[in-house]
Amino acid sequence: MIEVVFFGRGGMGAVTAAQLLARVATIEGKFGQAIPEFGAERRGAIVRAYLRIDDKPVEIHSAVSAGDYVVVLDGRIVSQTNVKVFGKPNAVYIVNSKEEEPWYIAIDATSIALKHGLVAAGWPLVNMIMASAFAAVSKAVTIDGIVKTIPEFVPARAVKANVEAAREAYELMLKKLAVRTA
């Protein structure tokens, strides 16, 4: 079973990213479970969402205490909360950041979102981009599955831009991983 913890800010789409990936997993013949964590959050507050993907039915129905992957939709979060306590000992961290750090894989999802005009209420919409980055790193789901599923999760007017941004992020992460392993 693959367990994932998403960190975002209220309104950024961390919950939607987890839900999309769970849906893609089921379409691709696996079992997916997305669990949002809500409190009295407001737009901009740090929020978490959880994802499980497995080849057999997921029988756990609680938050992920420690993920195999930790996906951070806003890089500023890593200086505001200790995201490392949400990862297993060998967890892979994927962070929306221009800055590279040895402990995480960075992707500048914000720039990709802005390039494709993915902005709502002044916020870059990076959730589909980060979902695709996770897919490239984990191989838990395919980019084709994400592309087919995006229309279920975004307004019709934003489908094309989200698909293009998702594909760009996926390819960028594949290139980045090839360099890291070379």
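1. In this note, a residue is buried when its relative accessible area is under 20%, exposed when that area is over 50%, and partly exposed in between, with a 1.4 Å probe and protein chains only. The model is a predicted one: local features need pLDDT of at least 70, side-chain atom pairs count only at pLDDT 80 or more, and totals for chains, interfaces and linings use all residues. Residues are numbered from 1 along each chain as its sequence is written, and side-chain values use heavy atoms, with hydrogens and water left out.

2. Ala131 has 0% relative accessibility and therefore counts as buried. Ala131 is part of helix α3; helices (H or I, at least four residues) and strands (E, at least two) are DSSP runs numbered from the N terminus. Contact here means heavy atoms within 4.5 Å. With neighbours within four places in sequence left aside, Ala131 is in contact with Ala17, Leu20, Leu21 and Ile146. Ala131 and Ala169 are 38 residues apart along the chain, and their C-alpha atoms are separated by 9.0 Å.

3. How enclosed is α3 as a whole? Of its 12 residues, 12 are buried, so α3 is largely enclosed by the rest of the structure. Among them are Met128, Ile129, Met130, Phe134 and Val137, and also Asn127, Ser132 and Ser138. From first C-alpha to last, α3 reaches 16 Å, close to the 16 Å expected at 1.5 Å a residue; the expected span is 1.5 Å times one less than the number of residues.

4. Helix α1 (14-27) has 14 residues and spans 20 Å between its first and last C-alpha, close to the 20 Å expected at 1.5 Å a residue. Its buried residues include Ala17, Leu20, Leu21 and Val24. The buried residues of α1 pack against β1 (2-9), β2 (31-37), β3 (46-54), α3 and α4. Just after α1, Gly29 has a positive phi of about 90 degrees.

5. Helix α4 covers residues 143-153, and its buried residues are Ile143, Gly145, Ile146, Val147, Thr149 and Ile150. These buried residues pack against α1, α3 and α5. Ile146 can stand as an example: leaving aside neighbours within four places in sequence, Ile146 is in contact with Leu20, Leu21, Val24, Ala131, Ser132, Ala135, Val141 and Ala166.

6. A nonpolar core is a set of buried Ala, Val, Leu, Ile, Met, Phe, Trp, Tyr and Cys residues joined through side-chain atoms within 4.5 Å. The largest such core has 52 residues, and those with the most contacts inside it are Phe6, Leu21, Leu51, Ile94, Phe134 and Ile146. Apart from it lies another core, of 15 residues, among them Val5, Val70, Val72 and Val95. In soluble globular proteins, nonpolar side chains tend to be buried together.

7. Ala121 is not a glycine, yet has a positive phi of about 55 degrees. Ala121 lies in the loop between β7 and β8 (123-124), and at 66% relative accessibility it counts as exposed. Lys139, also not a glycine, has a positive phi near 60 degrees; Lys139 follows α3 and sits in the loop between α3 and α4. Most residues other than glycine have a negative phi.

8. On pockets, the method is a 1 Å grid over the protein atoms alone: a pocket is an open set of points where a 1.4 Å probe fits, with protein on both sides within 12 Å along at least five of seven lines, and lining residues have an atom within 4 Å of a point. Grid points are joined across faces, edges and corners, and a volume is the space filled by probe spheres set on the points. The largest pocket has a volume of about 290 Å³. Its lining has 18 residues, of which Ala120, Leu125, Val154, Pro155 and Asn162 lie nearest the centre. β7 (119-120) and α3 (127-138) each supply at least two lining residues.

9. For the classes of lining residue, Ala, Val, Leu, Ile, Met, Phe, Trp, Tyr, Cys and Pro count as nonpolar, Asp, Glu, Lys and Arg as charged, and the others, Gly among them, as polar. The lining of the largest pocket has 10 nonpolar, six polar and two charged residues. The second largest pocket, of about 250 Å³, is lined by 13 residues, and Asp74, Gly75, Arg76, Asn96 and Thr110 lie nearest its centre. Its lining has five nonpolar, four polar and four charged residues.
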